[in-house]
Amino acid sequence: MSRTPVLAFCGSLRAESLNLALLELAESLAPELHFVGSDLVRHLPLFNTELDADTPASVRQFRDVARAARAVVIASPEYVHTPSGVTMNSLEWLMGTGALEGKPVLLMSASPGQTGGIRGLVGLFPPLQLLGGVLLDPVSISRAASRIDSSGGVLDPVVYQRVEFAVDELRAAMVPA
Ligand SMILES: Cc1cc2nc3c(=O)[nH]c(=O)nc-3n(C[C@H](O)[C@H](O)[C@H](O)COP(=O)(O)O)c2cc1C
């Protein structure tokens, strides 16, 4: 059986990213979903409407994946109390495409700090709503450096449970094809 496509990307480009580990945990809990996107966002140019005169292949591919997706999962760090530039740049390239219209969006963040990156996620609410996404209850993981192993291991069962619950919510929110 073919897996359901999901636009899923990490807002950090670090190989040791805690947010990438969170995204990979979600992916491992949903084998019927096909997460596509992290490799694409790192190749997007900085947003510039002039580039759409001859849309770069990386942008076309990213938009095609977003259009084909049935849901969205973004794991994104908070920098200086705002969403990561990688995430914002990716969303800017989706403006005006209608690609996310009516699709459930699971937002996650992980931070070594006490607030888990929640301010960065809140900063993503307006653009995602403007893009037509349907926001689900977000997951933010505080003190993540001691609760998530950046090589993929989850050290705290509460983290596992919260992501498991969020993935169940995502499944329930997905409109049948
Ligand atoms: C310049 C800079 C600013 C940061 N600002 C915040 C912040 O506002 N809130 C927060 O929770 N963490 C902040 N952090 C810590 C990041 O959350 C931390 O580096 C995190 O591991 C980055 O995500 P990643 O592991 O997925 O790459 C900041 C880190 C840097 C380098």
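Ala, Val, Leu, Ile, Met, Phe, Trp, Tyr, Cys and Pro are counted here as nonpolar, Asp, Glu, Lys and Arg as charged, and the others, Gly among them, as polar. With these classes, the lining of the largest pocket in this predicted model consists of 5 nonpolar, 7 polar and 3 charged residues.

That pocket holds about 210 Å³ of space. Its lining comprises 15 residues, and those nearest the centre are Pro 77, Glu 78, Ala 110, Ser 111 and Pro 112. Two elements, α1 and β4, contribute two or more residues each to this lining.

The largest pocket is also the space that the ligand takes. Around the ligand stand 13 residues, with Ser 12, Arg 14, Ser 17, Glu 78 and Ser 111 coming nearest. Glu 78 and Ser 111 therefore belong both to this group and to the residues nearest the pocket centre, where "around" refers to a heavy atom within 4 Å of the ligand. The helix α1, residues 18-28, and the strand β4, residues 78-79, each provide at least two residues of the shell. By class, the shell has 5 nonpolar, 5 polar and 3 charged residues.

Val 80 takes part through its backbone, where an N or O atom lies 3.0 Å from a nitrogen atom of the ligand. Asn 19 places a polar side-chain atom 2.7 Å from an oxygen atom of the ligand. These pairs count as polar contacts because the N or O atoms are within 3.5 Å. Of the 620 Å² of accessible area that the ligand has on its own, the protein covers 68%.

The second largest pocket holds about 170 Å³ of space. Its lining is formed by Ala 8, Leu 20, Leu 23, Glu 24, Glu 27, Phe 35, Val 36, Gly 37, Ser 38, Asp 39 and Leu 40. Elements that give two or more residues to this lining are α1, β2 (33-37) and α2 (38-41). Of these, α1 gives the most, with 4 residues. The residues lining the second largest pocket divide into 6 nonpolar, 2 polar and 3 charged.

Terms used:
Residues are numbered from 1 along each chain as its sequence is written. This is a predicted model: local features need pLDDT of at least 70, side-chain atom pairs count only at pLDDT 80 or more; totals for chains, interfaces and linings use all residues. Side-chain values use heavy atoms; hydrogens and water are left out. A polar contact is a pair of N or O atoms within 3.5 Å; within protein, one must be able to donate a hydrogen and the other to accept it, and residues adjacent in sequence count only if both atoms are side-chain atoms. Accessible areas come from the Shrake-Rupley method with a 1.4 Å probe; for residues, only the protein chains shown count as cover. On a 1 Å grid over the protein atoms alone, a cavity is a set of points where a 1.4 Å probe fits but cannot get out, and a pocket is an open set with protein on both sides within 12 Å along at least five of seven lines; lining residues have an atom within 4 Å of a point. A molecule sits in a cavity or pocket if more than half of its atoms lie within 2 Å of its grid points. Grid points are joined across faces, edges and corners, and a volume is the space filled by probe spheres set on the points.
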